[in-house]
Amino acid sequence: MKKIILLFAFALIGFVACQDSTEEVVDQQSKIDMSDFYAYSDEGSELLSKSSNSKNCHSMNVLNKKLNENPGLFKKMYDIEYTTRKAIAAKGKPGGGGGNGNGGGGTPDPVPYVGAITIPVVINILEDNAGDVTQAQINSQIAILNEDYNNNNPNTGNAPAEFAGLVADVNITFTVAAVNRKISSKSSWGTNDAMKDASQGGIDATDSSTYLNVWVCNIGGGILGYAQFPGGAAATDGVVIGNDYFGETSGVYGDGRTATHEVGHWLNLRHIWGDGRCRQDDFVADTPSSDRSNGGCPTYPTVHCKSADMTMNYMDYVYDDCMYMFTDGQNDRMRALFVAGGAKASFVGN
């Protein structure tokens, strides 16, 4: 009789523990707030900048167009955002990262995906003459990406005290996997992804599940670059950089930070001001609210929405020499893509 009672007691404890565990999972999922999620940028406009000397990234305009053309894209982006927020919410719990963390025990994961990440890059160059985009540009661009995504930008030491403690080492390294060149007499390629399609004179993407494709060409219209956010079609996945802004060239946008900015979009970062007004966010808790981009090389503090703008963030529009940081929150957001089930998990073998 005692054995029966003991067995019943153990079974009851197991049932309660299992029920508590299930309730905890359900409770965690119910806390993933998606009420602020948006995909379209405010007013259908790329620039909410009040400055005439800001750079022209066209990523949000391209996204708006793709959302109009593909009704299923919003749902894909919503699901990626949910997975991202869930991975970030799990951070700080033992083995909670969901990627290469501690597997359910030990020290809590400090970021959603722990460890170094290496991203092989295929560079697709469309040029008037062979060698117009030089090997030196290619080398310098990869060096700049590695500098910025490993917190080695020498200007980071200029961060104001308000933001200095937020500077992140993203711990992502980029390597050149291949360089494809094609001669083209086309004077400008625009933003309709023609450069990504061999049938339109461009260069087809190399397996975008394991390579970052970068197209270098003359975009035209004063556009420095644009990127495809996670969730878009595999055939057009990657970033496009104007050939005058790829690597070390000349001018205020000649230090390769256009690629840093566009790869940030490719890794699911929004513009620092959220492409909207003060209440529209970039989905990152440690970046201040703003209602506009900043151009040029602003002085600190530049105040909008009752707080100092983080003008030196790579996801603003300032001159290349004046942007030099990602935040811890942006790091979490990027690395959440690499957890098991994340949009870029294939890059790390998940």
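This is a predicted model: local features need pLDDT of at least 70, side-chain atom pairs count only at pLDDT 80 or more; totals for chains, interfaces and linings use all residues.
Two strands pair if DSSP finds at least two bridges between them.

**Exercise 1. In which sense do β3 and β5 pair, and over how many bridges?**

Step 1. Locate the strands. β3 covers residues 212-217, and β5 covers residues 239-242.
Step 2. Count the bridges. There are four. The criterion asks for at least two, so β3 and β5 pair.
Step 3. Read the direction. The pairing is parallel.
Step 4. Check one bridge. Val216 has Ile241 of β5 as its partner.

**Exercise 2. Give the strand order of the sheet and name its edge strands.**

Step 1. Write the order: β2-β1-β3-β5-β4. This is an open sheet of five strands, and its pairing is mixed.
Step 2. Find the edges. β2 (172-183) and β4 (225-227) each pair on one side only.
Step 3. From one strand to the next it averages 20 degrees.
Step 4. α4 (residues 135-148) lies across β1 (117-127) and β2. Its angle to β2 is about 155 degrees.

**Exercise 3. Which residues touch the most other members of the largest nonpolar core, and which element gives the largest share?**

Step 1. Take the core of 52 residues. Ile119, Tyr149, Ile172, Phe174, Leu267 and Phe338 touch the most other members.
Step 2. List the elements that give two or more residues: α3 (73-90), β1, α4, β2, β3, β5 and α6 (257-266).
Step 3. Pick the largest share. β1 supplies it, with five residues.
Step 4. Follow one member. Beyond its neighbours within four places in sequence, Leu267 contacts residues including Tyr149, Ile172 and Phe338.

**Exercise 4. Classify the ring pairs Phe74-Tyr78 and Trp266-Phe347.**

Step 1. Start with Phe74 and Tyr78. Their ring centres are 6.5 Å apart and their planes meet at 35 degrees, so the pair is tilted.
Step 2. Phe74 is partly exposed at 36% relative accessible area. Tyr78 is partly exposed at 29%.
Step 3. Turn to Trp266 and Phe347. Their centres are 5.6 Å apart and their planes are at 85 degrees, so this pair is edge-to-face.
Step 4. Trp266 is in α6 and Phe347 follows α7 (328-335), so the pair ties together parts 81 residues apart in sequence. Both Trp266 and Phe347 are buried.

**Exercise 5. Over the faces of which rings does Arg270 lie?**

Step 1. Take Tyr38. Arg270 lies over its face, 4.9 Å from the ring centre.
Step 2. Take Phe229. Arg270 lies over this face too, at 5.2 Å from the ring centre.
Step 3. Tyr38 belongs to one formed with Phe37, Phe74, Tyr78 and Phe283.

Technical notes: Residues are numbered from 1 along each chain as its sequence is written. Side-chain values use heavy atoms; hydrogens and water are left out. Axes are lines fitted to C-alpha atoms, for helices over the stretch in contact, and angles run from 0 to 180 degrees between N-to-C directions. Contact means heavy atoms within 4.5 Å. A nonpolar core is a set of buried Ala, Val, Leu, Ile, Met, Phe, Trp, Tyr and Cys residues joined through side-chain atoms within 4.5 Å. Buried means under 20% relative accessible area, exposed over 50%, partly exposed in between (1.4 Å probe, protein chains only). Rings of Phe, Tyr and Trp (its six-membered ring) pair if their centres lie within 6.5 Å; planes under 30 degrees apart count as stacked, over 60 as edge-to-face and the rest as tilted. A charge sits over a ring if NZ of Lys or CZ of Arg is within 6 Å of the ring centre and within 35 degrees of the ring normal.
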